[in-house]
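Please look over the sequence and the structure shown below before reading the briefing that follows.

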Amino acid sequence: MIPEKVKKNLKKQHYAIAGKHSAVQVCRWTKKSLLDEGVCYKEKFYGIKSHLCCQMSPAVMWCPNRCVHCWRATELTVGDELFGEVDSPSEIIDKCIEAQKKLLIGFKIDKNSKKKQLSKANQKKYFESLEPTQFAISLSGEPMVYEKIGELISELRKRGKTSFLVTNGLYPEKLKELEKKKQLPTQLYISVNTPNKELYIKFHRSSKKDAWERLNKSLEIMSKLNKKTRTVFRMNLVKNLNMIEPEKYAEMIKKSNPMFIEMKGFMSVGYARQRLGYERMPYHKDIVDFSKEILKYLPEYKFLDEKKESRVVLLGKNKRDMKIKKREY
């Protein structure tokens, strides 16, 4: 289902294809954790283990948006719908785990080999990493395009794994379905990168004519999900582009009533470098300052945490809610 030209491009970017339409890429923080050189902000904020995380997508090159900040080669987008016979949730999970194992093989130290071992990885962590316990369904493409996304989440839960689902918010009907069928992820993210419709159109270049309206409908649905899953309003901030109108972002946050607000600085990586240069990457201080501007309009929220290396801050109502509890699996 993925054209050969696109497969070659993905492999060049160190993606591993998993089945017909899914892919895995090892996050640099997974690698750093294996080397005991630090952990990602998701571990710092929420308690998930970086070396046990599988960063994947069930629809790696399918998305209705062509966002200017996306590291994906948006010009190679296959479409905004998955046609034909798709892989089952079990197949996707098994193939993603297998693909991740292959990607991590260089971290293994073979004590029986006579060759010099170059890996400096923590071997306890390495062997644990072969069975990831967290799936970040957020790598590339829009996961809601995969029609069995709810079943995928349910299968992960059945296997005792947590799931973080990041969506662009253009599938409110799918969100309702996940709620109705009790298939919501451990943590649900909706990406909101613009405070008004005019900028949304320029920023996201969506194939859906009613994309802005769909996003806002999803935010309304999110407001009713707090007792059913953990919810995050996610912002990817680009210097001199979308760091404007904090009061309007605040209105959208009030509408969605999330548990948390993640504000992250844009990184000029992958194909995003061709659209937005390094000078569009905000400093961590810029993110902190903008978060303070938004907090002026949100008396219920406060500054909870930050990770300077990732240029990200976390806002929320209660610090006690940050770490994922066993019952939330």
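How many strands form the open sheet, and in what order? In this predicted model, where local features need pLDDT of at least 70, side-chain atom pairs count only at pLDDT 80 or more, and totals for chains, interfaces and linings use all residues, 10 strands form it in the order β1-β2-β3-β4-β5-β6-β7-β8-β10-β9, with mixed pairing. Residues are numbered from 1 along each chain as its sequence is written, and side-chain values use heavy atoms, with hydrogens and water left out.

**Sheet edges**
- The edge strands, each pairing on one side only, are β1 (16–18) and β9 (302–307); strands are DSSP runs of E of at least two residues, and helices are runs of H or I of at least four, numbered from the N terminus.
- β1 pairs with β2 (residues 22–24) in the antiparallel sense over three bridges, where pairing requires that DSSP finds at least two bridges between two strands, and I17 has A23 in β2 as its bridge partner.

- Eight of the eight residues of β7 are buried, that is, under 20% relative accessible area with a 1.4 Å probe, protein chains only.
- In a regular strand the side chains alternate between the two faces of the sheet; in β7, R230, V232, R234 and N236 point one way, whereas T231, F233, M235 and L237 point the other.
- Strand β6 (residues 187–191) runs parallel to β7 and is joined to β7 by five bridges, with L188 standing opposite T231.
- β7 and β8 also pair in the parallel sense, over six bridges, and F233 has I261 in β8 as its bridge partner.

Key: Buried < 20%, exposed > 50% of the residue type's maximum accessible area, 1.4 Å probe, protein only.
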